[in-house]
Amino acid sequence: MALLVLLPGTVLLSDGAHPSLPLALQTVVVAHSGAALVRVLTAPKVRLVALGFWVFAYVWLGLAPLAQLACDTYPWGYRTGQATALTAVAVVELGLLAHSAGSAVAARRERRRTAGPLSSAPGTVELLLSRRLAPWRLLSLCGCALALGVVLIPRQPGGLAVWFTSRQALRESGLADGSDGAFLSALRHWSLSVPAFWALLGLLLVPCAPGGDRLLRALRRLLLPLLLALNAVVNNPVSTPRFWIGTVLLTLLFAVPRTNRPRAFRAVAAGLMATVLLAFPYSDYFRYSDREQLSVVSLTAQFTTNGDYDAFQQVQTGIDYAHERGLAPLDVLGPALFWVPRAVWPDKPEDTGIALARYAGYDFQNLSAPLWIESYLWAGPPAVAAVFFLLGAAGRRMDDVRHRLRDRAGTLAACLVPAFAFYQMVFLRGSLLGIVGPLTLLLAVPLLISAPAARASRAVTPALPAPPDRLAPIPHRRAPVTGPNPVPDRYDEPDQLRDQLRRLLCHRAAIALGVALGLLGGAALAFGRAPVYTSASEVLVRSTADPFGTVSVAADNQISMGTEQQIAAGASVAARAARTLGRPAGEAATLGKHLRITHRPKSQVLRFEFTDSSPRRAARGADAFAEAYLADRKVRNEAAAQRAGRSVEQQIQAVQQAKEQKNTGEAVQRALQTELDTLHRRMVDIKSRDTDGGYVVRHGAVPTRPAGPGRPALLALGGASGIALGILLAWLCSALDTRVRSAGDVRAALRTPVLGLLPAEPGDEPGGEPGLLKVGHRGGDRAESHRALAYRLHRTGSSGGPGGILVVAPRRDAATEEIAVNLAAALTECGREVQLVDADTDTPPVTARLPLLPDEARPSGQPALPEGSRLVDAGTAGHFACRAGDGTGTVHRLPAASKARTTVVLARPLLEHADALSAAQRVDGVLLVAGLGTTRREDLRRAAELIDCSGGTLLGAVLDGDRRPDRLRSALAALRSRTARRPATTPPDSPVVTLPAQDETLTAARR
């Protein structure tokens, strides 16, 4: 009742209200936004993003326009007609309808997702919001925020006290002033506020293991008071913008779990509405140093006179602006490329709020530009509908994901969604070009201090006991958490960072391409374009606002600097400047494109900046425009003086005619004479008045260096942009790459451990030293890796050792034969009797590439070999039997499992032939071979599913190192092998077995 009846009725029943067609349509907007806000407040779910949107829509584009249309009174001086007002109301309602439609579509998809029998894969928004705060990164942010505070706050002119004076004092002290360094000053201000806020919020929300993580708890107790003190300085209500301090306080409030319950949420929302309606208009008390006494006025008076509620008026101004100058679809690139400096992009779109203020002739240009008019200026009503449809769908999706993840501590859903929900009021109010920078920083910081949920914590899942006659699968030490209480693992995060860096460095070509493109772009800007020079002249503008009738009025109140700026940029001044420069009149418009006119707030100085390819022409152009402007003002002042003089002369003639009449009395004659003397004195003042429009206080100097960044700066900027582009391309390639890049990828795809990782060696590359058998014949890391794999399998099996092992790859891989042969040799070295069965009928028999012993050289006393087998000489490892395939399906006649003999089966690729599935049923375990950088994750998942469906046991995977040629590494290895002098060594009498290294992924729960 209060939202739909009481508040709109209070506005409509105010004095001076009169009906109109735009007012009638505006009541529909109020009803729509009010009903949507009521629905958000009464819903069983807590929807913060929807609350922030509909609060802004109801107050700034509902009640405020209702009061302005009813009273026909607006905060600023620009006025439009009824048709423009009606169009503005229609544009606002179109955006609200599109937002409601997008929210409804997203809600319908969410209901389908939750009602389905199977849970679907998480989307991009859910994956993003399910990221968890990472302690190491959060502590780094805390240190960075404190370091910035220690460095920047003491260097602030005025000291610490200026932060508690006013926003105006902070600007005037140099941190956020309106000078040429305003961008860097604003960047310093946000670099203090945003990291300090996220560091404090992260420390409050980061989960800690009960009874553990003592280091994190101690650092948390130490950092919390420091961050509270830092936020009290840089995020205090005195010197901080109101929308930002509201975002900070509400986000911290909703970090408390109790406020996320529906009843508490309604109470907080009611308090928010009361604050916005009653306290927000007076919260700019600390904005200026010279504070005025607060005067409490009605709600309608606030809506119609306070510039904070100018959103609807700016929409009307923007519609007139679009009708006069047309739509600009390319302006959408401005917010997206906000980081590109204007020196590099001279035609960069202007801030919409500033453009509308100049169009309306305002002196004060810090005005809003709501998202409705921003999108309307891009492509009209279709752009408004598309933008708000996507915004509604994204907002509903974020609310639903936050509700689903509400019981998970430390996720981005608990901290990022509230921050965006309330800061979106600034995003909706605009303008985008000024908001997108802080918004990007606000969203980027939590992404940098968080990690994917699947990697944030790990726990051990116990493996099921295996039958005694089967080879037990090795337990996976990094199995994902299946219970409701995951155990955080602080030792896992450096591994994640290293893994992410390795993934990016796998795509070195993309990084090199990005760097090359950036350097080429910087070189093109540095050497391809002609240098331009900028010279500036400054003019002090004298007051000309009714100089002959003004009494005791300050000069700065008589001059509209915005109007003077528009006049200086007009065609008449450009034509005068063209004549001064000796240019034809047709080039006046071209000269105006090289001119930029600015003025500082609360200043009567106009700055003329002229850009040209010649330094002297730039200085002459700046002086010419300054003199042309003064000449134009002088002509206008003289014309005003002539008009005033003619008016006084007419009055003098009228008084003289009245005085010549003889029937007037003496008193009347004296009064007429007094009036005549006054008019003569006024005429003398008019003729003696100085009609100069101002003075040139600074002439244009000949510039000595080109404007904008120089060649070194452009090259450095190109290099930095190239690095960023290369990292982005590498990240895209990594995201789209389906190949295995690390052991973690194999573990995630198979849910089994990686039993061995074979390093790449120069001899293993194409063109290197041939030979499959390395164990017993050759040394090196690769041979020792084969021994470690065999020892791990030997220790995992029953007391008699492993039985039958199938070595297979999803696709054709050259390392499969090598792993099978060397596994057989290493198991022989462990004291086992081994038989290698070559069941791959698509390749030449493996016996043709192995050192075979002749039958007469077979040691005496050795048992008879199985039928069709040959004896392989494994060097110091011993001898093992090898049975080659005969092309008739050997895999179907595998020898029976024996406790005295281990059978290693080499089969055709699993996904290319069904022989391996038949063999998987007859062996004790399957060893899957994957190639680093060659095998695809989808192939691994399919192979694991097929092995499981066939009844086989997947022991684990063996990851073969990158076997792509590395010519530099090969050359260095060959050089070392030639120059190194190693003493001769004799092979050991007993086998050497290298123990496997301890698993670095051991979690805190495992320990």
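How many bridges join strand β4 to β5? Four bridges join strand β4, residues 595–598, to β5, and these strands run antiparallel. The model described here is a predicted one. The protein chain has 1007 residues, of which 46% are buried.

**Overall make-up**

- The protein chain contains 34 helices and 14 strands.
- Among contacts in the chain with a separation of 6 or more, 79% are between residues 24 or more positions apart.
- The accessible surface of the chain is about 49,100 Å².
- Carbon and sulfur atoms account for 59% of that accessible surface.

**Strands around β5**

- Strand β5 spans residues 605–612, and eight bridges join it to strand β3, residues 533–541.
- Strands β3 and β5 run antiparallel.
- One of the facing positions is T534, which stands opposite T611 in β5.
- Strand β4 also pairs with β5, through four bridges and in an antiparallel direction.
- The bridge partner of I597 is F608, which is in β5.

- Side chains of opposite charge can pair when their charged atoms come close.
- The structure holds 35 salt bridges.
- In one of them, E110 pairs with R404, and the closest N and O atoms are 2.4 Å apart.
- This pair links distant parts of the chain, as E110 is in helix α4 (residues 82–115) and R404 is in helix α17 (residues 381–404), 294 residues apart.
- Is E110 buried or exposed? E110 counts as buried because its relative accessibility is 7%, and the cut-off for buried is under 20%.
- R404 has a relative accessibility of 26%, so R404 counts as partly exposed.

**Salt bridges of E609**

- E609 forms a salt bridge with R596, with the closest N and O atoms 3.2 Å apart.
- E609 counts as buried because its relative accessibility is 15%.
- R607 counts as partly exposed because its relative accessibility is 22%.

**Nonpolar surface patch**

- L513, L517, L520, L725, L728, W731 and L732 make a nonpolar surface patch of about 660 Å².
- The elements that give two or more residues to this patch are helices α22 (508–528) and α28 (711–736).
- Which element gives the largest share of the nonpolar patch? It is α28, with four residues.
- L520 is one of the patch residues, and L520 lies in helix α22.
- L520 counts as exposed because its relative accessible area is 58%, and the cut-off for exposed is over 50%.

Conventions:
Residues are numbered from 1 along each chain as its sequence is written. This is a predicted model: local features need pLDDT of at least 70, side-chain atom pairs count only at pLDDT 80 or more; totals for chains, interfaces and linings use all residues. Side-chain values use heavy atoms; hydrogens and water are left out. Two strands pair if DSSP finds at least two bridges between them. A salt bridge is a side-chain nitrogen of Lys or Arg within 4 Å of a carboxyl oxygen of Asp or Glu. Buried means under 20% relative accessible area, exposed over 50%, partly exposed in between (1.4 Å probe, protein chains only). Contact means heavy atoms within 4.5 Å. Accessible areas come from the Shrake-Rupley method with a 1.4 Å probe; for residues, only the protein chains shown count as cover. Patches are made of residues with over 30% relative accessible area and no salt bridge: like charges are joined within 9 Å, nonpolar side chains (Val, Leu, Ile, Met, Phe, Trp, Tyr) within 5 Å.
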